[in-house]
Amino acid sequence: MLTSIKNNHLKYESQKLGMMYFRVAIILFGAQLLMGLIAAIQFMYPAFLYGVFDFSVARMVHINALVVWMLYAMIGSVYLMLPDETGIETVGIGLGKLAFWVLTAAVTVVVLVFIFIQIGPGKESSIWLINEGREYLEAPRWADIGIVVVVLIFYYNVFFTYMKGQRTGIMTVMVANLMALAGLYLAGMFFTDNISMDQYWWWWVIHLWVEATWEVFVGTLAAYALIKIIDAKREIVEMWLWIEVLMLFGSGILGLGHHYFWIGTPEYWWEIGALFSALEPVPLVAMFVHVLYDWGKEQGANGEKPVIKNGPAMAWLVTNAFGNFLGAGIWGFFHTLPQVNIYTHGTQFTAAHGHLAFFGAYATILIGMMYYGIQRAYGIERLKATFKSKMAITLIVFGMLGMTVALTIAGYEQVLVERAELGAGWDAYFVAQALPWMKQAMAWRTVMGVVMVVGFVYLIWDLVTIGPKEAKENNQ
Amino acid sequence: MAKSHSVWTSIRFWRQSAAWVTGFAVVLLILLTFDTMRQIKMGSKRVPAPTVINHHIDYKYSKKRGHEVPVIGKKELFFGKEWSPKEAAALLHKGKLTEQAKNCMDCHTLLGNGAYYAPDLTKAWLDPKWKDMQAMIGAKTREEAMAKFLQHPEMYPTHERRMPNLKITAEEAQALVAFLKHMSSIDTNGFPRGFSKTVSDFKAGGTYAH
Ligand code: HEM
Ligand code: HEM
Ligand SMILES: [Fe+2]
């Protein structure tokens with residue numbers, strides 16, 4: 001995939017552009033893992049890179065690379081599916097390519113500034129030029145504005161292609177949802193002295209992305225992928241999609257309240273947040289059932305031999321269905337009631353959930369889409385998993401599960417000792433951090449991180465080689 | 001599904017239901033947002049005005065509410081003076097800017113949000129730890145101890161994991177302490193619960209038998 005795909009089987013420029021987005025995405029994913037590893041090592045050996053490349057820097061790059069690679073892979077997926085769904089070439093494709101290069105240049109500059117300049121003096125200019133200092137949204141203001149412009153171009157392309165071409169239910173959901181997704185970014189683009197107000201709007205971006213608009217995005221992608229990979233019936237898939245939208249938005253929008261328990265906001269958010277966020281796992285169960293049901297149904301149909309047109313993509317898709325339910329649904333529900341959250345809020349437990357949810361709900365399906373893109377780019381009828389595909393998914397999933405278990409144990413320990421027993425505070429924090437159970441958990445988290453990195457090496461190796469290899473075998 | 005007569009398999013039905021449910025959720029969220037904005041604006045009961053830095057702040061259990069709440073007490077000097085509303089607001093502004101520019105939240109949590117590499121700062125101003133730190137740093141007041149620590153955290157390690165030197169100036173440090181003091185006055189519905197309640201016993205050997 002990284003090598004230029006010269007003998008391209010992609011009919012549409014839009015799809016070639018999609019592949020360009022995938023390439024940057026996978027590189028940023030690698031950078032993300034590397035930074036996570038540095039931060040994890042610093043938990044064990046705090047002197048590691050102290051004063052040179054501090055934990056805050058490694059972590060900032062870790063989570064920003066995460067958000068950015070996912071947005072890249074999402075845009076890539078849309079450019080890939082757009083011509084298929086609408087039946088026409090994407091309008092404004094030249095502009096789309098320009099936007100890609102502008103965005104990539106901006107991302108490069110932001111990362112270099114994060115790595116080499118890191119922080120600034122306490123002035124407006126730092127917020128504009130260096131670092132906004134708000135978790136996940138650290139990108140300085142100039143970059144925010146650049147992102148908005150690029151996203152406007154992207155949205156223009158999607159919207160007018162949709163208007164001009166054939167309008168499927170899948171694309172209708174996509175177009176409406178992308179508008180909300182892009183619009184929400186604006187909620188994170190202002191400065192206030194009031195930290196409660198700051199956190200209130202910050203969560204609009206973070207929560208209403210990952211628990212509403214990104215989830216609907218995943219539902220849309222899964223609908224498209226099921227049609228393409230296992231020939232699922234469009235009418236059934238689209239009906240499910242609307243049901244998913246209903247349940248996801250119905251629970252996720254007001255589920256936002258689970259972040260408003262302790263930031264200075266009024267008590268009524270306890271009830272609102274608890275009720276609606278407790279319902280959030282329901283659509284995730286439904287999405288899981290949907291994928292398995294369609295799979296079983298299409299496989300059993302007419303007693304024909306089962307046809308999975310893309311083995312690795314399907315494997316990642318099923319991992320997505322289960323991972324979303326597990327990471328977001330189960331691990332999210334664990335700490336979503338205020339009675340629990342008053343103790344777990346802001347502990348390693350949160351980190352356990354954050355990892356499994358982002359991975360299970362998003363990383364998985366986006367990797368699946370990359371495999372699907374490769375299949376199309378090489379014009380392969382049936383893409384079968386290679387040994388490397390299997391090693392990649394096994395090691396990455398195993399590493400992530402192991403890391404989640406380690407962080408969950410660390411979280412329990414922190415919650416019970418630091419929070420319940422000692423009542424938070426500086427000394428309580430460090431007493432809990434110094435316990436052998438915490439140290440063990442942190443060591444296991446690092447080990448599992450290494451397992452994931454090995455899996456990632458297999459993944460990138462597979463992505464680069466699977467296309468040419470399978471294309472050759474298919475043509476023999 | 002055109003052939004189907006059941007509403008449960010009608011795409012139209014589900015599409016319309018999705019639109020109605022989403023619309024309802026959005027409208028309710030917007031209404032609640034208006035109310036919340038009113039209740040958390042700077043100078044409200046929940047988020048006091050910047051001049052709160054001129055007051056003693058405590059965090060006490062309220063029987064009625066079932067958790068601790070901030071108690072704003074008598075006036076006290078902050079860095080040796082009383083700050084006018086304008087000065088206090090400017091100081092807080094600088095403090096918040098510095099908090100962001102130095103990226104505090106990628107090690108600490110504020111109001112419980114951020115990173116988990118260092119202690120939560122929601123009630124840092126009230127932390128009993130500053131009594132020890134004041135002695136260690138040789139500062140006359142709590143605010144002075146905090147400001148000195150922030151400028152040279154590498155000089156006052158309390159743990160193997162040390163805060164790095166973030167090139168915080170004296171002015172920025174003062175502003176940051178104001179920001180932290182202000183944050184400790186925010187009504188967080190009792191988070192963190194039982195703040196620092198038994199740390200001293202634990203450090204004395206983890207026994208209550210004395
Ligand atoms: C794919 C969907 C999801 C993703 C990617 C996700 C991710 C995250 C992340 C990264 C955080 C930590 C934010 C921070 O850094 O402060 C978080 C917090 C939280 N999430 Fe999720 N989440 C998802 C779904 C859910 C669901 C469905 C629930 C509830 C049923 C949930 C409940 C929570 C709660 C209660 C917190 C706050 C934790 C705290 O108080 O420290 N999440 N989520
Ligand atoms: C080599 C593998 C990885 C390692 C060693 C690693 C390590 C870390 C570390 C040390 C932190 C900081 C936690 C803290 O503040 O205490 C972190 C945060 C985070 N990482 Fe990773 N990570 C890895 C992979 C991933 C992956 C694959 C994802 C998502 C797909 C991810 C998503 C996140 C998120 C969302 C946070 C913020 C969590 C929060 O604030 O609650 N990480 N990671
Ligand atoms: Fe949430």
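**Two chains and the ligand between them**

Chain B and chain A bury about 7,900 Å² between them, with 65% of that area on carbon and sulfur atoms. On the side of chain B, the residues that lose the most area to chain A are B:Q100, B:Y116 and B:Y117, which together make up 10% of what that side buries. Please keep in mind as you read on that this is a predicted model. Counted by residues, the interface brings 88 residues of chain B into contact with 86 residues of chain A.

Let us look at the polar side of this interface. Between chain B and chain A there are 37 residue pairs in polar contact, counting pairs with both residues at pLDDT 80 or more. On chain B, the elements that give two or more residues to the side touching chain A are the helices α1 (11–39), α2 (85–101), α3 (129–137), α5 (170–184) and α6 (199–203), along with the strands β3 (109–110) and β4 (113–114). The largest share of that side, 17 residues, comes from α1(B). Sorted by class, the side of chain B that touches chain A has 41 nonpolar, 25 polar and 22 charged residues.

The charged residues lead us to the salt bridges. Over all chains the structure holds 28 of them, and 5 are found across the interface of chain B and chain A. A:E267 forms a salt bridge with B:R46, and their closest N and O atoms are 3.3 Å apart. A:E267 lies in the loop between α8 (234–255) and α9 (268–279) of chain A, while B:R46 lies in the loop between α1 and β1 (55–62) of chain B, so the pair joins two chains. The two partners can be told apart by their accessibility: A:E267 is partly exposed, with a relative accessible area of 27%, whereas B:R46 counts as buried at 7%.

A salt bridge with an N to O distance of 2.9 Å joins the side chains of A:R59 and B:D106. Ligand 2 lies between chains A and B. It is surrounded by 28 residues, and the closest are A:R59, A:H62, A:E135, A:H355 and B:Y116.

Which polar atoms face the ligand? The side chain of A:R59 has an N or O atom 2.7 Å from an oxygen atom of ligand 2. For A:E135, an N or O atom of the side chain is 3.0 Å from an oxygen atom of the ligand. A polar side-chain atom of A:Q32 lies 3.4 Å from a nitrogen atom of ligand 2. The elements that give two or more residues to the shell around ligand 2 belong to chain A: α1 (13–44), α2 (55–86), α13 (348–377), α14 (387–421) and α16 (436–475). Of these, α1(A) supplies the largest share, 7 residues. The shell divides into 17 nonpolar, 8 polar and 3 charged residues.

Helix α14 of chain A also holds A:T408. This threonine counts as buried because its relative accessibility is 7%, under the 20% cut-off. Leaving aside neighbours within four places in sequence, A:T408 is in contact with A:W331, A:F349 and A:A352.

Over in chain B, helix α4 (residues 142–151) is mostly covered, with 8 of its 10 residues buried. Among them are B:M146, B:F149 and B:L150. The buried residues of α4(B) pack against α3 and α5 of chain B and also against α15 (426–434) of chain A.

Some salt bridges stay within a single chain. B:R65 forms one with B:D187, the closest N and O atoms being 2.6 Å apart. That pair links distant parts of the chain, 122 residues apart: B:R65 sits in the loop between β1 and β2 (67–75), and B:D187 in the loop between α5 and α6. B:R65 counts as partly exposed at 29% relative accessibility, while B:D187 is buried at 9%. In chain A, A:E418 forms a salt bridge with A:R419 at 2.9 Å between the closest N and O atoms. Here A:E418 is buried, with a relative accessible area of 2%, and A:R419 counts as buried at 4%. Finally, a network of salt bridges links A:E132, A:R134, A:R141, A:D144, A:D198 and B:K96.

Technical notes. Residues numbered from 1 in each chain as written. Chains lettered and ligands numbered in written order. Predicted model: local features only at pLDDT ≥ 70, side-chain atom pairs only at ≥ 80, totals over all residues. Heavy atoms only, no water. Near = heavy atom within 4 Å. Polar contact = N/O pair within 3.5 Å; in protein donor to acceptor, adjacent residues only side chain to side chain. Helix = DSSP H or I, 4+ residues; strand = E, 2+ residues; numbered from the N terminus. Nonpolar A, V, L, I, M, F, W, Y, C, P; charged D, E, K, R; others polar. Contact = heavy atoms within 4.5 Å. Buried area = accessible area lost by both parts, 1.4 Å probe. Salt bridge = Lys/Arg side-chain N within 4 Å of Asp/Glu carboxyl O. Buried < 20%, exposed > 50% of the residue type's maximum accessible area, 1.4 Å probe, protein only.
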